[in-house]
Amino acid sequence: MSPPRERLRIALQKSGRLADASRDLLARCGLKFRESRDKLFCFGESLAVDLLLVRDDDIPGLIAEGVCDLGIVGRNVLREQAFAIADGVDAAPYRELRALGFGRCRLALALPQGQGYAGPEGLAGLRIATSYPNLLADWLRRQRVDARVVVLSGSVEIAPRLGSADLICDLVASGATLAANQLREAAALLECEAVLAGPRALPADARGDLTELLLRRLDGVLQVRDSKLVLLHAPRAALAEIERILPQGQQPTVMPIEGSEDKVALQALCYGSVTWQHLEEMKRAGASQMLVMPVERMLI
Ligand code: ATP
Ligand code: MG
């Protein structure tokens, strides 16, 4: 275990798919940093919270060892390493504190185009190439299928063409890489996104308080990010129907419009996204002058 610390330390990916969004999220939580010359360590100026910038694969281990208190990492990496560090996800010394909504992808089985997929049973005896051997083996075990796991650290998608595997188990986002390698997705094993990982129990010192403060700010930021303010005019008689169409949110505010007996103005804070379909439906219900606006900050 590492020596006692007063300041909270968060591990982030140094460069790669999650790096910018992770920094951006912490900035929105009001954290400001001074970067060191080697850019591996960033000193927190606004709060006693510092950053360690590393390869994403190192993040679960850094939390498990207590070198870092928190980390932002893909669910795939966090869970895969839970098998190496402990006896799987439930036994790991860390847990997922929040799902962060970026870096979305899934761990999926993909096989050469033109080959049929007859469900997990059809995988018996086949060779599956992957960089996630523990997650794949765990899934195969739960499906009660005996297949061979071929571990590759990268370029998994070319294994079937090279003849070193029959199919693959890899991360898929858009599916473009699969298509470029004449593969097609057969089954999803795990839905993934960036998560905030931390210890099972918060430290009983200043770092625990800082973690709680950060989680509160993070919840506000995550809620604001998906929230929209909707303004519109509508006949009073259409209000009930419009409120039914609006995505879930706060109780709308209804205000009179000067000089208009029948029409009112409505202001509603919605938590989900407000789509063109929502607007078109509300227009059919009688709404006009509809505006959908982003929310900068929120304190309810
Ligand atoms: P590092 O150099 O830090 O080890 P890496 O190359 O292992 O980085 P990235 O490619 O930057 O990792 O991906 C980081 C995470 O982004 C993945 O673990 C996954 O959770 C997520 N991700 C989102 N979309 C994709 C995708 N299409 N392919 C791979 N990972 C994706
Ligand atoms: Mg990595």
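This report describes the sheets, helix packing and annotated domains of a predicted model.

## Basis of the description

The model is predicted, with local features needing pLDDT of at least 70 and side-chain atom pairs counting only at pLDDT 80 or more, while totals for chains, interfaces and linings use all residues. Residues are numbered from 1 along each chain as its sequence is written, chains are lettered from A and ligands numbered from 1 in the order in which they are written, and side-chain values use heavy atoms, with hydrogens and water left out.

Helices (H or I, at least four residues) and strands (E, at least two) are DSSP runs numbered from the N terminus. Two strands are said to pair if DSSP finds at least two bridges between them.

## The seven-stranded sheet

Seven strands make an open sheet with mixed pairing, in the order β2-β3-β4-β1-β5-β12-β6. Its edge strands, each pairing on one side only, are β2 (33-35) and β6 (94-99). From one strand to the next the twist averages 30 degrees. Axes here are lines fitted to C-alpha atoms, for helices over the stretch in contact, and angles run from 0 to 180 degrees between N-to-C directions.

Within this sheet, strand β1 (residues 8-13) runs parallel to strand β4 (residues 49-54), and six bridges join the pair. Opposite Leu-8 stands Val-49 in β4. Helix α1 (residues 19-28) lies across β1, β2, β3 (41-44), β4 and β5 (70-74), at about 150 degrees to β1. Helix α3 (residues 75-85) also packs on the sheet, where it touches β5, β6 and β12 (194-199), and its direction makes about 170 degrees with that of β6. Contact means heavy atoms within 4.5 Å.

## The five-stranded sheet

A further open sheet has five strands in the order β9-β8-β10-β7-β11, again with mixed pairing. Here β9 and β11 (183-192) are the edge strands, each pairing on one side only. Neighbouring strands are turned by 30 degrees against each other on average, direction ignored.

Strand β7 (residues 105-112) pairs with strand β10 (residues 167-172) in the antiparallel sense over five bridges, and Arg-106 stands opposite Val-172 in β10. Strands β8 (residues 127-130) and β9 (residues 148-151) pair in the parallel sense over four bridges; the bridge partner of Ile-128 in β9 is Val-149. Together with helix α4 (residues 133-143), β8 and β9 make a right-handed β-α-β unit (right-handed if, with the strands pointing away from the viewer, the path from the first strand over the helix to the second runs clockwise).

## Helix α3 and its neighbours

Helix α3 also lies across β10 and β11, running at about 75 degrees to β11. The axes of α3 and α4 come within 8 Å and cross at roughly 80 degrees. That makes the two helices roughly perpendicular (angles under 35 degrees count as roughly parallel, over 145 as roughly antiparallel, 65 to 115 as roughly perpendicular and the rest as oblique).

On the α3 side the contact is made by Asn-76, Arg-79, Glu-80, Phe-83 and Ala-84, and on the α4 side by Pro-133, Asn-134, Leu-135, Asp-138 and Arg-141.

## Annotated domains

UniProt lists residues 55-218 as "domain: ATP phosphoribosyltransferase catalytic" in an unreviewed entry. This span is 30% helix and 30% strand, and its end C-alpha atoms are 23 Å apart.

For residues 226-296, UniProt lists "domain: Histidine biosynthesis HisG C-terminal" (unreviewed entry). That span is 23% helix and 44% strand, with end C-alpha atoms 11 Å apart. UniProt positions are given in the numbering used here, feature names are shortened, and annotations may be inferred rather than shown by experiment.
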